[in-house]
Amino acid sequence: MEQVIIFVAQKKLEDSDKAIAEGLEELRELVETAGASVIGELIQKVDKINAKHYLGTGKIEELKLYIEEVGATGVVCDTELSPLQMKNLSEILDTKVMDRTLIILDIFAQRATSSEGKLQVEMAQLKYQYSRLAGTGISMSRQAGGIGSKGPGEKKLELDKRNIRKRMDVLEKELAEVKRHREIIRKKRVKEEVRVVSIVGYTNAGKSTLLNVLTGSDIYVEKQLFATLDTTTRKAILPSGTEVRFVDTVGFIKKLPHQLIKAFYSTLEEVRYSDIIIHLIDASNEHNESHIQVVEETLKNLKIEGIPVLKVYNKVDNEQVYIEELENLTISAKTGLNLDKLQLKIEEILYDEMKKFTAVVPYTKNDIVAYCNKYGEKIVTYYQENGVKITGFLHFSKIYKIKPFISVELE
């Protein structure tokens, strides 16, 4: 197992001690998730980040002595280093130098299981590697083995730029085909009027656990960062009888590598076509306020707007919870606490644009009865002498077709 020192340089006036500590705490979790152990940490507050070496000269010497003292096999920076910074640090420290982006890419490479996920990870890895090939020399040779060498792109990391570019072109075509297939499925879902509820949130908020209990699924669940990588969709029936699709998405995180944001856009794009977004928050995490901000900013960057967002605080069964906005819904996906309230709230939002109606349809108009059954919700039929009496809900955009038969209509 690799043993590493994590480090960061922060501008004096930009980051509080709390923010720096939070960043390193999360980096420690990422490193451990990737399969290494953290045996030390180092912080430098500076007026300006060193463009060539990232750290100042004195701090680099301190880090070098620290490496020798604790016997570290590598160091990890809590931000993305430029190719020049990584090369220079590696040569001076004479050890393996990694950054936050490399660690996250490595975790994604370990967790991707679907063919689409593997394609996306490989593309992200190659983009990262492509920018670091020219002039890296000895620094790249130290990256062999351990973190950063796993995943679909493993054998391709030693290719020259031309071959990597060729491979990226192939991947782009394959991903375009995956996107086309996804669009076909999405159009079919829209045509069938299937309602979609996407679950988003910071990594390890409990999204997969919630999906499992709401749909009776057995998606892999583990208390670690990015336990689930591939998007999962499962059917569920709400208490009213309404059929919905719940979509579990990859967890968001601070400083998500831009290579991954673009590579996983087609996956996250599913959220754009949701009827409701559940923003799941870990109530037991003391940093959940900053996590909320990250999720909201990510949704904004992906241009996901105009969709009702339901904030839900999870893990309230834990001994200590951190909840600022008490009016929000609180649940425990693990114990089932308040899941009935969550389902009712989902129904309330879904029916916000629905109209309740009562219609009497002549027996000769079987097409109207079929229309109500296909597009309606909570449909109940009664067979009477003058026709079929139907009660239920229809979306306001669908109500026009049954207006001639409506006897009672409620907004």
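Lysine 315 counts as buried, at 17% relative accessibility. The cut-off for burial is under 20%, so a value of 17% places lysine 315 on the buried side. The model is predicted. Lysine 315 is found in the loop between β9 (309-314) and β10 (329-330). Its phi is positive, about 65°, although lysine 315 is not a glycine.

Asparagine 204 also has a positive phi, near 70°, and is likewise a residue other than glycine. Asparagine 204 lies in the loop between β5 (195-201) and α8 (207-215). Its relative accessibility is 22%, so asparagine 204 counts as partly exposed. A further positive phi, near 55°, belongs to aspartate 94. Aspartate 94 follows helix α3. Helix α3 spans residues 83-93. Its buried residues are Gln85, Met86, Asn88, Leu89, Ser90 and Leu93. In an α-helix there are 3.6 residues a turn, so residues three or four places apart point the same way.

The protein chain as a whole comprises 411 residues, of which 52% count as buried. It has 13 helices and 14 strands. Among its contacts with a separation of 6 or more, 71% come from residues 24 or more positions apart.

Helix α1 (residues 17-34) and helix α4 (residues 100-111) have axes that come within 9 Å. The axes cross at roughly 40°. The two helices are therefore oblique to each other. The crossing of α1 past α4 is left-handed. On the α1 side, the contact is made by Gly23, Glu26, Leu27, Leu30, Val31, Thr33 and Ala34. On the α4 side, Arg100, Ile103, Ile104, Asp106, Ile107, Gln110 and Arg111 take part.

Aromatic side chains were considered next. A pair of aromatic rings is described by the distance of the centres and the angle of the planes. The structure holds four aromatic pairs. In one of them, the ring centres of phenylalanine 7 and tyrosine 54 are 6.0 Å apart. The planes stand at 65°, so the pair is edge-to-face. This pair links distant parts of the chain, 47 residues apart. Phenylalanine 7 is in strand β1 (residues 3-11). Tyrosine 54 is in the loop between β2 (37-46) and α2 (57-70). Both phenylalanine 7 and tyrosine 54 are buried.

Tyrosine 363 and tyrosine 383 form a stacked pair, because their planes lie at 10°. Their ring centres are 6.5 Å apart. Tyrosine 363 lies in the loop between β11 (354-361) and α13 (366-375), whereas tyrosine 383 is in strand β12 (residues 377-384). The pair therefore ties together parts that are 20 residues apart in sequence. Tyrosine 363 has 40% relative accessibility and counts as partly exposed. Tyrosine 383 is exposed, with a relative accessible area of 63%.

Charged side chains also meet aromatic rings. The charged end of arginine 132 sits over the ring of tyrosine 128, at 4.0 Å from the ring centre. The ring of tyrosine 382 has the charged end of lysine 389 over it, 5.8 Å from the centre.

Note on methods:
Residues are numbered from 1 along each chain as its sequence is written. This is a predicted model: local features need pLDDT of at least 70, side-chain atom pairs count only at pLDDT 80 or more; totals for chains, interfaces and linings use all residues. Side-chain values use heavy atoms; hydrogens and water are left out. Helices (H or I, at least four residues) and strands (E, at least two) are DSSP runs, numbered from the N terminus. Buried means under 20% relative accessible area, exposed over 50%, partly exposed in between (1.4 Å probe, protein chains only). Rings of Phe, Tyr and Trp (its six-membered ring) pair if their centres lie within 6.5 Å; planes under 30 degrees apart count as stacked, over 60 as edge-to-face and the rest as tilted. A charge sits over a ring if NZ of Lys or CZ of Arg is within 6 Å of the ring centre and within 35 degrees of the ring normal. Axes are lines fitted to C-alpha atoms, for helices over the stretch in contact, and angles run from 0 to 180 degrees between N-to-C directions. Angles under 35 degrees count as roughly parallel, over 145 as roughly antiparallel, 65 to 115 as roughly perpendicular and the rest as oblique. A crossing is left-handed if the near helix is turned anticlockwise from the far one by less than a right angle, and right-handed if clockwise. Contact means heavy atoms within 4.5 Å.
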